[in-house]
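This report covers the strand order of a sheet, the helices packed on it and aromatic ring pairing. The sequence and structure come first.

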Amino acid sequence: AAGATSLLCALVAAGASTDRVVVLQEDDELIVTQPHTVSILLGETPEEGARAVQAASRLRPDRLVVGAFAGRVAAEMVDAMGDGMDGVLAASRAPTLRQAAARLTADLAATKIGISVDVAREWLTSSFDLAIEIARLRDGRQRVLRIAELAVEGDRVVVRDVFTFAI
């Protein structure tokens, strides 16, 4: 209820109307009104989700929107981004941005056989230019709390704030 779906849809709508958009989602939660949009359901199993990501990346869209960036889907997405996929917008649900980064690092390390946590950290931080943390305030308003860059320092992912919302 923090507004991740609304933010993803707004970011896609801010793009050019000629952009080819592929939306990967668990159900029909993301309603994108761009004219050149294809929606692909991730399926019930991690294997189906991985196949959906692979199919979406073969379409070479201008924007690839992922409604549930976690587990095997996250690992496949990081692989696709490593192969040159740009324009990825992804939502990961966690209490804070720092916790989301830690969870995604663990997901990548657990899903990709043979890679260390250090490599997973590098993959995650090199895959995204910006990370946005949003939340629903006590009065019910949804707000962007933080826009940040991700980096690796020592043995952890650090969040370097570019913008923070002052309550």
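How many aromatic pairs does a search of the whole structure find? The search finds 1 aromatic pair.

## Basis

This is a predicted model, in which local features need pLDDT of at least 70 and side-chain atom pairs count only at pLDDT 80 or more, while totals for chains, interfaces and linings use all residues. Residues are numbered from 1 along each chain as its sequence is written, and side-chain values use heavy atoms, with hydrogens and water left out.

## Aromatic pair

The ring centres of F69 and F128 are 5.4 Å apart and the planes stand at 90°, so the pair is edge-to-face. Rings of Phe, Tyr and Trp (its six-membered ring) pair if their centres lie within 6.5 Å; planes under 30 degrees apart are stacked, over 60 edge-to-face, the rest tilted.

F69 lies in the loop between β3 (63-66) and α3 (71-82), and F128 in the loop between α5 (117-127) and β5 (131-136), so the pair ties together parts 59 residues apart in sequence. Helices (H or I, at least four residues) and strands (E, at least two) are DSSP runs, numbered from the N terminus. Both F69 and F128 are buried (under 20% relative accessible area, 1.4 Å probe, protein chains only).

## Sheet and helices

An open sheet of 4 strands has the order β2-β1-β3-β4, with parallel pairing (at least two DSSP bridges between two strands). Its edge strands, β2 (37-41) and β4 (88-90), each pair on one side only. Strand β1 (residues 21-25) is joined to β2 by 5 bridges; V22 has V38 of β2 as its bridge partner.

Helix α2 (residues 46-58) lies across β1, β2 and β3, at about 175° to β1. Axes are lines fitted to C-alpha atoms, for helices over the stretch in contact (heavy atoms within 4.5 Å), with angles from 0 to 180 degrees between N-to-C directions. α3 lies across β1, β3 and β4, at about 165° to β3.

Note on methods. Buried means under 20% relative accessible area, exposed over 50%, partly exposed in between (1.4 Å probe, protein chains only).
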